[in-house]
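Here is a friendly tour of one protein chain. Have the sequence and the coordinates open as you read.

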Amino acid sequence: MVGYSDEGVMYASVNIVDRSGLRETVKKFPEATEKALGAATILGMFLIKERTSKGISADGKLFKPYSPRYKQWKTEHGHPSHPNLNLHGRMLGSMTTGYRKQVGRIYFARKEETYKAIKNEKSRPFFNLNEKERKQVALEFENEFFDLI
């Protein structure tokens, strides 16, 4: 799920605990829960970045192509000609993770990069986890959690 905080920060979140059916168990082990959420949200961030670098949207489709003029400019300046939402690396480099109330969040640390992401999201949806990725993140949480308790 993509959302916006009161401060205007764009974030993607997945309630890992609900997805794994462990709500009561995690209450008994808050430290293990925090560490497992940390690992799982980092994986989620990695999956978004990896998929985006390949020019694939959250729904598994290729990003809309660049305009011919912009594609030519990118090629002339040594950048890939396929859309990957990466010009200088600041937007994706600003992506970070956190958690709150047993919900993992992936967001942009800088407001300027949040604005870029919002603009990019309109034409090339990237900032979400698809069902396969959500399952990977939930499995990472479960594995980490059970290793810790």
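## Overall picture

Of the 149 residues in the protein chain, 40% are buried (under 20% relative accessible area with a 1.4 Å probe, protein chains only; exposed means over 50%, and partly exposed is in between). This is a predicted model, where local features need pLDDT of at least 70 and side-chain atom pairs count only at pLDDT 80 or more, while totals for chains, interfaces and linings use all residues. Residues are numbered from 1 along each chain as its sequence is written, and side-chain values use heavy atoms, with hydrogens and water left out.

The protein chain has seven helices and four strands (DSSP runs, H or I of at least four residues and E of at least two, numbered from the N terminus). Along the sequence they follow the pattern β-β-α-α-α-α-α-β-β-α-α.

## Helix α7

Helix α7 covers residues 131-148. Its buried residues are Glu-133, Arg-134, Val-137, Ala-138, Phe-141 and Phe-145. These lie on the same side of α7, because they cover an arc of only 140° around the axis (taken from the directions from the helix axis to the C-beta atoms). On the other side, Lys-132, Lys-135 and Asp-147 are exposed.

## Glu-121 in helix α6

Glu-121 belongs to helix α6, residues 111-123. Glu-121 is buried yet has no salt bridge (a side-chain nitrogen of Lys or Arg within 4 Å of a carboxyl oxygen of Asp or Glu). The nearest side chain of opposite charge, Arg-51, is 7.7 Å away (Lys and Arg count as positive, Asp and Glu as negative; His and the chain ends are not counted).

A polar atom of the Glu-121 side chain does lie 2.9 Å from the backbone nitrogen of Phe-127.

Terms used:
Expected span 1.5 Å × (residues − 1). Polar contact = N/O pair within 3.5 Å; in protein donor to acceptor, adjacent residues only side chain to side chain.
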